[in-house]
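I open the model and write down what I look up.

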Amino acid sequence: MGVFVSTDDPGPAGHEQVVFCQDRQSGLKAIIGIYSTALGPALGGTRFYPYASEEAALADVLDLSRGMAYKNALAGLDLGGGKAVIWGDPDQVKSEALLRAYGRFVQSLGGRYYTACDVGTYVADMDVIARETRYVTGRSVEHGGAGDSSVLTAWGVFQGMRAAAEHVWGNPSLRGRRVGVAGLGKVGRHLTGHLVDDGAEVVATDVDPRALEWARTNHPGVALVADTAALVAADIDVYAPCALGGALNDDSVPALRARVVAGAANNQLAHPGIEKLLADRGILYAPDYVVNAGGVIQVADEIEGFNFDRAKLRATRIFDTTRQILRLADDEGVPPAVAADRLAERRMADVGRLRAIHLG
Ligand SMILES: NC(=O)c1ccc[n+]([C@@H]2O[C@H](COP(=O)([O-])OP(=O)(O)OC[C@H]3O[C@@H](n4cnc5c(N)ncnc54)[C@H](O)[C@@H]3O)[C@@H](O)[C@H]2O)c1
């Protein structure tokens, strides 16, 4: 079943297509949202989550698919934006039959939507989905996939952070800068490695004692603090949120001592207006979806047949994109988050328009 959806804030174009998928036997209830295919097939992961209601699942897929269109546009990919949610507790209902039923719905869209991993779905799940559809990325290395995307995500965040450092201090090097990393998970660990290699002083925190142990063992020079509040209040130059969303909020921004924010976490701005609060405090925010695009660059590369060096080169260009956005923000007198949105919309409009030229 497909429905037309109108939201209060549909963006410049609104969603192209929203598809509800159901398979009672396996318990599958999924919604696939395609925000835009102006630049190519929509790419975005599948979130498997026990939403409180169908409305909550729908709201999430609409938000996330729109975000992917912007992220993919600024990553320079020939891909539009989409996302899917499977409504249910993965620990209770995830099964081969459910994932394969979902794969058949993805296949039924004929390549308008490519899926990948997100919260609650893993590389092994993509391998199962791939038994029913060609339109899946983020598979295991054994199945021709690119494997763990956190490697290039961290590399891209590092590049975005370097561009922000150059903008503020006139030099992209992080040597001697104090960088606060909140969340030493998959991305935070790789990022810490890059920072240490570049000569930065890293201060970090995590709620998981195993993550702290990892830091003590692998990077004894990293200073560990009790929690994120202590990190935010610490004497740091750069803040890198690498845990959950909403890191930049009405509590953290007034307390933040860093001049630059650049991190991997999605949806760092807790609500509209926070980007202005950051700008008013003289804090440069490198937009999350720009600097954390290394992961989607990696899975997108898989569509062509994965080549790590090619994907890394593209993730390295996050430096140039971040620099361009920060300059545009200055030129147009808007916060970087607004400049990033404008640049993404421009690319979707300028390149998407070319489809109107008839090829005969
Ligand atoms: N992995 C990717 O390729 C990728 C791509 C784009 C964006 N992201 C985003 O980057 C962030 C990190 O991703 P990841 O793959 O490293 O996830 P992860 O689950 O491996 O790591 C997250 C870490 O944050 C820690 N954490 C959770 N709550 C915390 C808190 N309150 N304070 C401090 N630490 C806390 C966890 O213990 C964990 O170690 C997420 O927001 C994710 O959505 C990841």
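I began with strand β8 (residues 178-182), which runs parallel to strand β11 (residues 238-241) and is joined to it by 4 bridges. Strands here are DSSP runs of E with at least two residues, helices are runs of H or I with at least four, and both are numbered from the N terminus; two strands pair if DSSP finds at least two bridges between them. I found alanine 182 opposite proline 241 of β11.

The model is predicted: local features need pLDDT of at least 70, side-chain atom pairs count only at pLDDT 80 or more, and totals for chains, interfaces and linings use all residues. Residues are numbered from 1 along each chain as its sequence is written, and side-chain values use heavy atoms, with hydrogens and water left out.

I then traced the open sheet: 6 strands, paired in parallel, in the order β10-β9-β8-β11-β12-β13. Its edge strands, β10 (223-224) and β13 (284-285), each pair on one side only.

Next I looked up aromatic pairs (ring centres of Phe, Tyr and the six-membered ring of Trp within 6.5 Å; planes under 30 degrees apart are stacked, over 60 edge-to-face, the rest tilted). I noted 5. Tyrosine 114 and tyrosine 135 are edge-to-face, 5.3 Å centre to centre with 90° between the planes. Tryptophan 155 and phenylalanine 158 are tilted, because their planes stand at 45°, with centres 5.9 Å apart.

Last, I checked charges over rings (NZ of Lys or CZ of Arg within 6 Å of the ring centre and within 35 degrees of the ring normal). Lysine 312 lies over the face of tryptophan 155, 4.3 Å from the ring centre.
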